[in-house]
Amino acid sequence: MELVTDKKILTKGNYAIANAAVMAGCECYFGYPITPQSEIGEFMSGKMQELKRAYVSAESELAAINMVIGACSTGKKAMTSSSSCAVALMQEGLSYAASDELPVVLVSVMRGGPGLGNIYPSQGDYFQATKGGGDGDYKLIVLAPSTVQECADLTYKAFYLAHKYKNPTVLLADGMLGQMMEPVVFKDYPYPKVDNSSWALDGANNRDGRIIRSYAPSAHNQCEFLQKLHQKYKLIEENETEWEEIGTDDADVILVSFGSTARNAKIAAKMCREKGLKVGVLRPITLFPFPSKRLSELSKQGKKFISVEVNMGQMINDVKLAVKDDVKLINKPVGIPPAPVEIVKQIEEYYASF
Amino acid sequence: MQVFKIPEVFREDMKYTFCPGCDHGVAVRLVAEVLDELGLKEDTIAVASVGCSVTIYDFLNLDTIEAPHGRALAVATGVKRAKPDKFVFTYQGDGDFASIGLAESMHSALRGENLTAICINNTTYGMTGGQLGPTTLMGQVTTTSPMGRNAEYYGYPIKITEHVALCDGTAYAARVSLDTVANIKKAKEAIKSAFDVQLKGLGFGFVEILSTCPTNWRMTPEKAHERVRNEMMPVFKPGVYKDIRG
């Protein structure tokens, strides 16, 4: 696979992510294979060596995430990629990285769970990414692409936001996006360089040694630290919440859906319009920060909400918190997202219930 | 003639964090002296680990990152791959290196990472109050082996240096002790050698330091050093197990 820098190509989401990571200036990749994202590590193994950048076939996901932590402590752009049951192994590292305030980038290409599960697409790790499985009060920035083009664009953005806020950032894709092919254009990395000279480890040259640590024996210090950390999360919510809206202005019902599933939700909404049902779509692009404020505004206009997900209903909890109302779930437990006709059928039933 | 000097790499506001009589203090001091003698302070990124060893950053005025428990050599691998021109070492206990972190440790050696690992072996988990660890000797009483270590329930202690020396990526592996002045001098030479192989780009450098834990062994420092000699050294034999410099 050649690195693509200047033309439109037809490629898989996984290759789009890997290509974009190299274009974004990722200097270190560490990873362990798992379906359905192994193409990322395969691409990076060759490309990083050709470009004389760092690459390690890690012995486990535990090792991989900690190698990313080490590389990020020097201020370099570094990443790993994995999936579901293996991202589970990285939760400890993500908690440390959040506490250490390190710009770790993780590409998480969801498959079916729990446990070993299967290799079908899934959105069953919404909780894992947005609520965290590591210890303590921390947040990850979570970006959810819906197309192969967005897989590339949001990879750029993941590196930028991770470094801008010194916060671990997850690109949350799924097996469908990872494996499907679509046209994609790789533009130049569009974000400014982030200065990390005030904190990165580079040897204590004419200054005291810097310590990146999470061990906090004093309860008082940890209270102050957590307040500061959560002020940062608030700032991220204010500045970086991103979503897409289609036909919400006059809608009675709004489908809230992210990632690959949102594609079918959009088609379903269009089919509903053709039947005279005023259905709109709100697609969160950032899952943390979640577009709660916008959902709340729309709710105050009297609109009803349906969460469309490929899991047993996870994001729906955040929708409910935002709209303070009953929210209907249209879901499929695992696999290819529910077909637009199935979604339309359930929307019609929902209308009929009023 | 100057007979005593505080290593320059020590922090001015250094806090002594170890128990009285603990060999960690001697080990950290030796690491500091070698860093000074090789002029490495400004080129070093240290990796602290979990256990009593975590407080190394209260002593050494170095750029330091603290790794999660057992992950020191994975973190160090990331640091070194990102910054190959820096000197990178870990300071770990035997639980961190050889129990929870055995995979990370051995794979770093197998990959021949240009890193140095210093591992303190005191046959117990010191920070948590003296439980059985990977190096606890047969028959040794700890808070989780109240009748002594037996094979039926606990299996056998790991001989760390022997395993590390078997890895093709290892350039230097030695086991030393701190029970006598002569052995302290040998320990310093071993640390210097393990640093030297990294500086020469030869691969993984490793020193296992047999150390005391008077608090959890419930012994005086003097008795504790007798235990190192009489009980530990016959099982964990000191020596240079590998040195590819010839």
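Predicted model: local features only at pLDDT ≥ 70, side-chain atom pairs only at ≥ 80, totals over all residues.
Chain A comes in two domains, and 35 of its residues are in contact with 30 residues of chain B.

**Strand β4 of chain A**

- Let's start inside chain A with β4(A), which covers residues 78-82. Five of its five residues are buried, so the strand is largely enclosed by the rest of the structure.
- Which way do its residues point? A:A78, A:T80 and A:S82 face one way, while A:M79 and A:S81 face the other way, and all of them are buried.
- β4(A) has a parallel partner in β2(A), residues 28-31, with two bridges between them. Here A:Y29 sits opposite A:M79.
- β4(A) also runs parallel to β5(A), residues 105-112, and this time four bridges join the pair. A:M79 turns up again, with A:V105 as its bridge partner in β5(A).

**A closer look at A:G178**

- A:G178 belongs to helix α8(A), which spans residues 175-179.
- Is A:G178 buried or exposed? It has 29 other C-beta atoms within 10 Å, and the cut-off for buried is 20 or more, so A:G178 counts as buried.
- Who are its contacts? Leaving out residues up to four places away in sequence, A:G178 touches A:K12, A:G13, A:N14, A:P36, A:Q37, A:V109 and A:A173.
- For a sense of scale, take A:G178 and A:Y350: they are 172 residues apart in sequence, and their C-alpha atoms are 32 Å apart in space.

**The two domains of chain A**

- Domain 1 is made of two stretches, 8-195 and 227-239, while domain 2 covers 243-352.
- The centres of the two domains, taken over C-alpha atoms, are 26 Å apart.
- Where they meet, 24 residues of domain 1 and 21 residues of domain 2 take part in the contact.
- On the domain 1 side, β6(A), α6(A), β7(A), β8(A), α8(A) and α9(A) each bring at least two residues. Helix α6(A) gives the most, with four residues.
- What kinds of residues make up that side of domain 1? There are 15 nonpolar, six polar and three charged residues.

**Where chain A meets chain B**

- On the chain A side, β2(A), β3(A), α3(A), α5(A) and β10(A) each supply at least two of the residues that touch chain B.
- Which of these elements provides the largest share? That's α3(A), with eight residues.
- Sorted by class, the chain A side has 17 nonpolar, ten polar and eight charged residues.

**The sheet that crosses the chains**

- β10(A) runs parallel to β2(B), residues 63-66, and two bridges join them. A:I211 stands across from B:T64, and A:I212 has B:I65 as its bridge partner.
- In what order do the strands line up?

- Five bridges link β4(B) to β3(B), residues 87-93, in the parallel sense. In this pair, B:G93 stands opposite B:I120.
- β4(B) pairs with β6(B), residues 204-210, over six bridges, also in the parallel sense. B:C119 has B:E208 as its bridge partner there.

Notes:
Residues numbered from 1 in each chain as written. Chains lettered and ligands numbered in written order. Buried ≥ 20, exposed ≤ 12 C-beta atoms within 10 Å, placed from the backbone. Pairing = 2+ DSSP bridges. Contact = placed C-beta atoms within 7 Å. Nonpolar A, V, L, I, M, F, W, Y, C, P; charged D, E, K, R; others polar. Domains from an automatic or database assignment.
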